[in-house]
Amino acid sequence: MLRRVDPRRLIRRIDAESEHLTRRIATVFTSRLHDERTAAWLGVCLGVSFTVAFVTGLVSHFMQHPPSWMVWPSRPVGLYRLTQGAHVICGMATIPLLLAKLWTVYPKLWQWPPIRSAAHAARRGVVFLLVGGSLFQLVTGLFNVNYWYPFPFFFTVAHYWTAYVVFGALLIHAADEWAKVRGLRRPPPPYGPSRRGFLATVAGACGLVAVTTVGETFTPLGDLAVLAPRRPGTGPQRLPVNKTALAAGVTRGTGWRLTVTGAVRHELSLSLDDLRAMPRHVVRLPIACVEGWSAEATWAGVRLRDVLRAAGVEDDVRVRVESLEKAGLYRTSQVDPPHWHDPLTLLALEVNGEPLSLDHGYPCRLIAPDRPGVMQTKWVARLEVSR
Ligand SMILES: Nc1nc2c(c(=O)[nH]1)N[C@H]1C(S)=C(S)[C@@H](COP(=O)(O)O)O[C@H]1N2
Ligand SMILES: [Mo]
């Protein structure tokens, strides 16, 4: 036999239950650490770190994919090294910060009723995007830095577009919560050492992550970089390798030549001896990988501009540098006028006093100032000039 249920009684029953639950939750989360002041402090720090990550991330994206009107300078030499180091170190140090913030505010997840009005629903929607997007950025970023791709999408595209969602949600959320941030300027209500201790612990955790990773790009702290997958000074010819020749399917063949074609007055086909016969220049430049590590090395070879001048090019041409590598996203890169005019931009034949090893791009690789590592093309075989 089915019992008839009076819907009004049922609703009253549910209301009473939920009120009871809300009261229970409130008693569970009485800790000072879940209060608004702590959350606001952590929010300010997250606002700063996500802004740094967003801006430096856009720099990296638009250096690699510049719209036709955008031209990047080739100086300061180490600018990209700095911005990308900041991006990755800041992102890593943000992980404990975000976890602390989520722990501080998670009682709000169970607020009852879950939606009170349209405005409240919109606000919670923004927070949902912010939390979900932030976790996504930090987790995929961490995996990428460690060369681990357990997800079915392409990292850079997903990381790039999610950044706009997160930053948009962050701006709305910050505007919405600004009153609480302003409240931080008022003297705090009397409380014990717990909150200050909690914030100090979080700062310590962030600092520890930063100190154990920053050595991947700041050489004096190289020995401390236990969390970094690549370290300056470690690798063949004292330089890390991202993509090996084996992984790129490149072997040490014979009869290599460098061809220069496209918008040139004379096409060139140069042997290695032809290049060695040209004026040799030595430069000290870093490889600054998108994944955050960077390492300086001493490179020797011919200036890209000398080769292009020999082919007879106009001042405003662009150059596509192509690798022997058959497939792969990073087998070519674009060199714009500021970079190929720069006397530091070389087609390098040697690194740290030795001919390039195959893993570093033998027989010839591009090395230029202020440029992401992915654009320092190895195993160069062709220069395609365009107007
Ligand atoms: N042809 C080719 N060049 C390439 C790559 C590649 O995959 N293919 N990887 C790039 C990346 S991501 C970096 S960081 C640098 C690393 O140079 P290194 O291995 O000599 O340190 O090479 C770049 N040049
Ligand atoms: Mo890289």
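In this predicted model, the largest pocket has a volume of about 1,300 Å³. Its lining comprises 45 residues. Lys101, Val105, Lys108, Val127 and His173 are the lining residues that lie nearest the centre of the pocket. Divided by class, the lining of this pocket contains 26 nonpolar, ten polar and nine charged residues.

Six helices each contribute at least two residues to the lining of the largest pocket: H1 (7–28), H2 (36–64), H3 (79–105), H4 (118–145), H5 (155–176) and H6 (178–183). The largest share is supplied by H2, with nine residues.

Several loops between these helices show particular backbone geometry. In the loop between H2 and H3 lies proline 76, which is joined to arginine 75 by a cis peptide bond with omega of about -5°. The loop between H3 and H4 holds proline 113. The peptide bond leading from tryptophan 112 to proline 113 is cis, and its omega is near -5°. Tyrosine 147 is located in the loop between H4 and H5. Although tyrosine 147 is not a glycine, its phi is positive, at about 55°.

Ligand 1 is surrounded by 18 residues, the closest being Pro240, Glu325, His360, Arg365 and Lys378. The shell of residues around ligand 1 is made up of eight nonpolar, six polar and four charged residues. Contacts with ligand 1 involve both backbone and side-chain atoms of the protein. At proline 240, a backbone N or O atom is 2.5 Å from an oxygen atom of ligand 1. The side chain of lysine 378 has an N or O atom 2.6 Å from an oxygen atom of ligand 1. For serine 323, a polar side-chain atom lies 3.2 Å from a nitrogen atom of the ligand. On its own, ligand 1 has 530 Å² of accessible area, of which the protein covers 98%.

In an unreviewed entry, UniProt places the feature "domain: Oxidoreductase molybdopterin-binding" at residues 254–386. Within the model, the chain over residues 254–386 is 14% helix and 41% strand.

Conventions. Residues are numbered from 1 along each chain as its sequence is written. Chains are lettered from A and ligands numbered from 1 in the order in which they are written. This is a predicted model: local features need pLDDT of at least 70, side-chain atom pairs count only at pLDDT 80 or more; totals for chains, interfaces and linings use all residues. Side-chain values use heavy atoms; hydrogens and water are left out. On a 1 Å grid over the protein atoms alone, a cavity is a set of points where a 1.4 Å probe fits but cannot get out, and a pocket is an open set with protein on both sides within 12 Å along at least five of seven lines; lining residues have an atom within 4 Å of a point. Grid points are joined across faces, edges and corners, and a volume is the space filled by probe spheres set on the points. Helices (H or I, at least four residues) and strands (E, at least two) are DSSP runs, numbered from the N terminus. Ala, Val, Leu, Ile, Met, Phe, Trp, Tyr, Cys and Pro count as nonpolar, Asp, Glu, Lys and Arg as charged, and the others, Gly among them, as polar. A residue is near a molecule or strand if one of its heavy atoms lies within 4 Å of it. A polar contact is a pair of N or O atoms within 3.5 Å; within protein, one must be able to donate a hydrogen and the other to accept it, and residues adjacent in sequence count only if both atoms are side-chain atoms. Accessible areas come from the Shrake-Rupley method with a 1.4 Å probe; for residues, only the protein chains shown count as cover. UniProt positions are given in the numbering used here, feature names are shortened, and annotations may be inferred rather than shown by experiment.
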